[in-house]
Amino acid sequence: MRVWAGILVLVAGVAQAGAPEPIEYIPGLKKERFDNGETLLVKFQTEWSPTSARQEEILNEIMAEDPSYAQKLTFVTVDYDTYGKSRMAERLRVTRHGTLLIMRGGEVVERLEASIDKRELKALLDTVE
């Protein structure tokens, strides 16, 4: 199993909190999910990063406290080690792992980079209608 094994930790934790299973980014997903009007939480992460692990823990806490985010967002995980230097990451101006994006209709509407502050992560999720 590729690098996704580490990313699946987010799947397990968020799913327990009532959130939908995150979608793992693969080429072609942009046309299927990014451009169709869905509101996405896109998380650029690595399996080795303490920042990614802490963001996962905090997101799990927030989702446990308010599962309604699960109805508002589609969760997408992107392996930064694989796609961090891709044209997609370049277009989205992602330069580091730990970047969280709120996207709607293929456009970034909010961004948070490498934060492990629960208030900041919750404020990012609160921007979703």
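These are my notebook entries on a predicted model of one protein.

**Ground rules**

I number residues from 1 along each chain as its sequence is written, and side-chain values use heavy atoms, with hydrogens and water left out.

**Overview**

I looked up the elements and found 7 helices and 5 strands. Helices here are DSSP runs of H or I with at least four residues, strands are runs of E with at least two, and both are numbered from the N terminus. Along the sequence I read the pattern α-β-α-β-α-α-β-α-α-β-β-α.

The protein has 129 residues, and 47% of them are buried. Buried means under 20% relative accessible area, exposed means over 50%, and partly exposed lies in between (1.4 Å probe, protein chains only). The protein exposes about 6500 Å², of which carbon and sulfur atoms supply 50%; accessible areas come from the Shrake-Rupley method with a 1.4 Å probe, and for residues only the protein chains shown count as cover.

I also checked contacts, meaning heavy atoms within 4.5 Å. Of the contacts with a separation of 6 or more, 67% are between residues 24 or more positions apart.

**Helix α3**

I noted 16 residues in α3 and a reach of 23 Å from its first C-alpha to its last, close to the 22 Å expected. The expected span is 1.5 Å times one less than the number of residues. At the N-terminal end, serine 49 caps α3 with a side-chain oxygen 3.1 Å from the backbone nitrogen of threonine 51.

The buried residues of α3 include Ser52, Ile58, Leu59 and Met63. Serine 52 counts as buried because its relative accessible area is 4%. Leaving out residues up to four places away in sequence, I found that serine 52 touches Lys43, Phe44, Gln45, Thr46, His97 and Gly98.

**Aromatic rings**

I searched for ring pairs and got a count of 1 aromatic pair. The pair is tyrosine 25 with tyrosine 83, edge-to-face, at 4.9 Å centre to centre and 85 degrees between the planes. Tyrosine 25 is in the loop between β1 and α2, tyrosine 83 is in helix α5, and the two are 58 residues apart.

The rule takes rings of Phe, Tyr and Trp (its six-membered ring) with centres within 6.5 Å; planes under 30 degrees apart are stacked, over 60 edge-to-face, and the rest tilted. Tyrosine 25 is buried at 7% relative accessible area, and tyrosine 83 is buried at 11%.

**Strands β4 and β5**

I found 6 bridges joining β4 (residues 99-104) to β5 (residues 107-113), and the strands run antiparallel. Strands pair if DSSP finds at least two bridges between them. Methionine 103 stands opposite valine 108 in β5. The hairpin has 2 residues between the strands, and glycine 105 takes a positive phi near 60 degrees.

I placed glutamate 38 in the loop between α2 and β2. Its side chain makes a polar contact of 2.6 Å with that of threonine 74. Such a contact is a pair of N or O atoms within 3.5 Å; within protein, one must be able to donate a hydrogen and the other to accept it, and residues adjacent in sequence count only if both atoms are side-chain atoms. Among the residues that glutamate 38 touches are Met103, Arg104 and Gly105.

Threonine 127 is in the segment after α7 and is partly exposed at 33% relative accessibility. I noted that threonine 127 touches Ile102, Arg104 and Glu110, not counting residues up to four places away in sequence.

Note on methods
This is a predicted model: local features need pLDDT of at least 70, side-chain atom pairs count only at pLDDT 80 or more; totals for chains, interfaces and linings use all residues.
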